[in-house]
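Good morning, and thank you for coming.

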Amino acid sequence: MAEIRNYTMNFGPQHPAAHGVLRLVLELDGEVVQRADPHIGLLHRATEKLAENKPYIQSVPYMDRLDYVSMMANEHAYVMAIEKMLKLEVPLRAQYIRVMFDEITRILNHLLWLGAHALDVGAMTVFLYAFREREDLMDCYEAVSGARLHAAYYRPGGVYRDLPNSMPKYKSSKIHNEEKTKSLNENRQGSLLDFIEDFTNRFPTYVDEYETLLTDNRIWKQRLVGIGVVSPDRAKALGFTGPMLRGSGVEWDLRKKQPYEVYDRIDFDIPVGVNGDCYDRYLVRIEEFRQSNRIIKQCVKWLRDNPGPVITDNHKIAPPSRVEIKQNMEELIHHFKLFTEGFHVPAGEAYAAVEHPKGEFGIYLISDGANMPYRLKIRAPGFAHLAALDEMSRGHMIADVVAIIGTQDIVFGEIDR
């Protein structure tokens, strides 16, 4: 009896590399992939629909939950779209804070990507290293917003509050004695800016550690070099953005080409790949670590020297301070109206996009003049990347599909939305 070679296989959602909610139907010839069909929708939470039934401000926390490893970057696009429609001026200090946290978010995202990608391919140590650094940056999130993940820190007109003057500290316990606690709290004695500056001074050596483990590691190179090659023209045709596009050699970065906030005042470079394979995309993201670190350093320096307001003083949009509410009837009314009805956005439409860690994250907003959007469309970068999985994985082995899913840096919150 003849041996049947062609068969169909479900890759995921149980597979650890399928990130929980990707069902990939693979048509195989032996172990070679003939066709890959991603089935999505297993994480669908109707974010776009929910936003149509809520005042604008109440949808900010929903943005955190789209790409749940790049929380503040999602919020940024959303508040920018609202500000565009309201023609709001954002205070300069708030713009610098936003840019700083966008880059902290980029590092957070790439750390998780690096750890998960390496783990999928079989390198365990990098995952533990990456999470060590994520812990510090999560503390920065917690210091400004009170939450480690879903910050809801950006608001239309600025940010929720100014940077704190003190960092949360470890307390001694059964596990950590006084001496150990003292060493843990060593860089937490000053303000949040001191802590971030300390991190930026330490971080380049950590990136060197990742590179020592991976960049010239022959197993890593055997698994990544020449896998999932995408030519520059195909990358553009497939709608790639971010590191996926730059890895193919196209120098396109919204922070340089369509600058928003204060990116035009900041000095940084755009890393670009040559071969368009998984290895080049890895190198692009590693260099983005270093460039983000540069940007954060410049923001910290500016923020130290320039105190000022961090949210608009238009109380139709942003709430007045608690002191003003208790002294003034008008402010109390503003506060009440803002948190019951919300603000009304003039009829029209706007599209705002940011250079999200994964690519171009855009929010297309249509208003009919009410206090909630008429329609909200989210342009998720991962959606276009996942659509190209079929083309990228044809002719490769099953093991290479894991590397390709890793290099695409897929998070399902934004793809299914």
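Let me begin with a definition: the expected span of a helix is 1.5 Å times one less than its number of residues. Helices (H or I, at least four residues) and strands (E, at least two) are DSSP runs, numbered from the N terminus. What you see is a predicted model, in which local features need pLDDT of at least 70 and side-chain atom pairs count only at pLDDT 80 or more, while totals for chains, interfaces and linings use all residues. Residues are numbered from 1 along each chain as its sequence is written, and side-chain values use heavy atoms, with hydrogens and water left out.

With that in place, consider helix α3, residues 71-86. Its 16 residues reach 23 Å from the first C-alpha to the last, close to the 22 Å expected at 1.5 Å a residue.

I turn now to a sheet. Three strands form an open sheet in the order β1-β2-β3, with antiparallel pairing; two strands pair if DSSP finds at least two bridges between them. Because β1 (6-11) and β3 (32-39) each have a single partner strand, they stand at the edges, and one side of each is left without a neighbour in the sheet. Neighbouring strands here are turned by 20° against each other on average, direction ignored; axes are lines fitted to C-alpha atoms, for helices over the stretch in contact, and angles run from 0 to 180 degrees between N-to-C directions. Between β1 and β2 (residues 23-29) there are six bridges, and Y7 stands opposite L28 in β2. Helix α17, residues 398-408, lies across β1, β2 and β3 and runs at about 35° to β1.

R375 in β8 is the bridge partner of I366. Strand β8, residues 375-379, has a covered face of L376 and I378, and an uncovered one of R375, K377 and R379.

Finally, P381 lies in helix α15, residues 381-387. With 0% relative accessibility, P381 counts as buried. Beyond its neighbours within four places in sequence, P381 is in contact (heavy atoms within 4.5 Å) with residues including T241, H356, G359, F361 and E414.

How values were computed: Buried < 20%, exposed > 50% of the residue type's maximum accessible area, 1.4 Å probe, protein only.
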